[in-house]
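Dear colleague,

I am passing on the structure below, together with some notes for a reader who has not seen it before. Please look through it first and then read on.

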Amino acid sequence: MTTEAVSSGTRAQIPAPVQKDYYYWLRSFTAGGVAGCCAKSTIAPLDRVKILLQAQNPHYKHLGVFATLKAVPKKEGFLGLYKGNGAMMIRIFPYGAIQFMAFDNYKKFLNTRLGISGHIHRLMAGSMAGMTAVICTYPLDVIRARLAFQVTGEHRYTGIRNAFQTIYLKEGGISGFYHGLTPTIIGMAPYAGFSFFTFGTLKTLGLSHFPELLGKPTLDNPDVLVLKTHVNLMCGGVAGAIAQTISYPLDVARRRMQLGTSLPDFDKCCSLTKTLKYVYTQYGVKKGLYRGLSLNYIRCIPSQAVAFTTYEFMKQVLHLN
């Protein structure tokens, strides 16, 4: 934004570079939030099923992914597939916004201040951005997990506000909202890092070596090189699949720790190492540490594909390139 856009009364008080930085950050925040919401809205039913299977919900633990998708509407109605999604949307906008905005800024910081460039700075910036977003929005993720784990007729919480109040009063105040934070951060580092690293690498290869993959930029930002939409979707999907495979056991541990007293065996899931050991001992690798992974592939591939593609589009629209 130029100084002409500022009224004469404030021109001297707010320099143009400061305004430019402010509006760039605002546009970046908006682009990331919209990307996150679009991605999560496409997979909300699969997210609910994933939580039910990961935490061995007694009503559905004997079922597989697709059987659970059929059983939930029969038992709880169609909207049962979207239970906890309100908390998810409240969480995911700031989460996506912070993650994408932080990635761009960490990448610039690593390059200009520390002299780190090439592929490694994508991996580092992605990991740092993912951890930053998790720390800022973690309490909302705990609320969403608790609401999604409930089954009709056995509600412990009546809604988002009640869940906040109950956890705060009965589970140690603020610390009650951070159960499972350690495995989440440890799991998010490789997940976000490899997601951004893989997508960025594939995007660079496409732009540099495969001109037939180039798409048409928006009319108001015609000088930017962009990939075709289906190519962006493919790159995002591959990034999600690789990242999810690496970090999935930590995601299982995180969910069990988040659910806390909602589980009958919560006393055995009080730390990361104890949770991983307990799940492995009780259920093994396939049915424990990687239970629900097939569902996660089904949900994370389109989720990451939509997230990265939407963000790339929003960058063009909001002139962030």
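**Salt bridges**

R299 forms a salt bridge with D47, their closest N and O atoms lying 2.5 Å apart, where a salt bridge is taken to be a side-chain nitrogen of Lys or Arg within 4 Å of a carboxyl oxygen of Asp or Glu. Because R299 lies in helix α11 (residues 293-317) and D47 in helix α2 (residues 44-54), the pair ties together parts that are 252 residues apart in sequence; helices here are DSSP runs of H or I with at least four residues, strands are runs of E with at least two, and both are numbered from the N terminus. Both R299 and D47 are buried, a word used for under 20% relative accessible area, with exposed meaning over 50% and partly exposed in between (1.4 Å probe, protein chains only).

This is a predicted model, in which local features need pLDDT of at least 70 and side-chain atom pairs count only at pLDDT 80 or more, while totals for chains, interfaces and linings use all residues. Residues are numbered from 1 along each chain as its sequence is written, and side-chain values use heavy atoms, with hydrogens and water left out.

The structure holds 8 salt bridges, and another of them joins the side chains of D141 and R91 at 3.6 Å, N to O. Since D141 lies in helix α5 (residues 119-149) and R91 in helix α4 (residues 85-112), this pair ties together parts that are 50 residues apart in sequence. D141 is buried, with a relative accessible area of 2%, and R91 is buried as well, at 9%.

The side chains of K315 and E312 also meet in a salt bridge (3.7 Å, N to O), and these two residues, being 3 residues apart in helix α11, are separated by about one helical turn.

**Cysteines and a buried threonine**

A search of the whole structure finds 0 disulfides, a disulfide being a pair of cysteine sulfur atoms within 2.5 Å. For C136, the nearest cysteine sulfur is that of C37, 16 Å away, and for C235 it is that of C300, 15 Å away. C235 is buried, with a relative accessible area of 4%.

T184 has its place in helix α7 (residues 181-209) and, at 6% relative accessibility, counts as buried. Leaving aside its neighbours within four places in sequence, T184 is in contact (heavy atoms within 4.5 Å) with V134, Y138 and R254.
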